[in-house]
Amino acid sequence: MANEFAPSAGDLVISHHKRGVFKVLAMSHGGLTTAIQLFDISKQQLLGQPMEDIPCDTLQPFKEGAS
């Protein structure tokens, strides 16, 4: 089944391959990859270094309170 989620800059997401919540910083021109950065929900701040060229089909929307 194809991933129906299309992230946009500013969205909070989770990754199939990385632990944590991430903020989408930017999308590639083709919309297939994105730049994300770890995001601390409680402090509402970015952490660590940005990660680039993350395939969009490995991301899902973050849902508050979901486990």
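Colleague: Is threonine 34 buried or exposed?

Modeller: Buried, because its relative accessible area is 2%, under the 20% cut-off. Bear in mind that this is a predicted model.

Colleague: Which strand is threonine 34 found in?

Modeller: Strand E3, residues 33–40.

Colleague: And what does the side chain of threonine 34 reach?

Modeller: The backbone oxygen of alanine 26, at 2.7 Å. Leaving aside neighbours within four places in sequence, threonine 34 is also in contact with other residues, including Val24, Met51, Ile54 and Leu59.

Colleague: Which residues make up the largest nonpolar core?

Modeller: There are six: Val13, Phe22, Val24, Ile36, Ile54 and Leu59.

Colleague: Where do the side chains of E1 point?

Modeller: They alternate along residues 12–15.

Colleague: What is the bridge partner of valine 13 in E2?

Modeller: Phenylalanine 22. E1 and E2 run antiparallel, joined by three bridges, and they form a hairpin with five residues between them. Glycine 20, in the turn, has a positive phi of about 125°.

Colleague: What stands opposite serine 15 in E6?

Modeller: Leucine 59. E1 pairs with E6 over three bridges, in the antiparallel sense.

Colleague: Changing topic, what pLDDT does the protein average?

Modeller: It averages 91, and 93% of the residues score at least 70. Among the elements, strand E5 has the lowest mean, 95, and strand E4 the highest, 98.

How values were computed. Residues are numbered from 1 along each chain as its sequence is written. This is a predicted model: local features need pLDDT of at least 70, side-chain atom pairs count only at pLDDT 80 or more; totals for chains, interfaces and linings use all residues. Side-chain values use heavy atoms; hydrogens and water are left out. Helices (H or I, at least four residues) and strands (E, at least two) are DSSP runs, numbered from the N terminus. Buried means under 20% relative accessible area, exposed over 50%, partly exposed in between (1.4 Å probe, protein chains only). A polar contact is a pair of N or O atoms within 3.5 Å; within protein, one must be able to donate a hydrogen and the other to accept it, and residues adjacent in sequence count only if both atoms are side-chain atoms. Contact means heavy atoms within 4.5 Å. pLDDT is the predictor's confidence in each residue, from 0 to 100. A nonpolar core is a set of buried Ala, Val, Leu, Ile, Met, Phe, Trp, Tyr and Cys residues joined through side-chain atoms within 4.5 Å. Two strands pair if DSSP finds at least two bridges between them.
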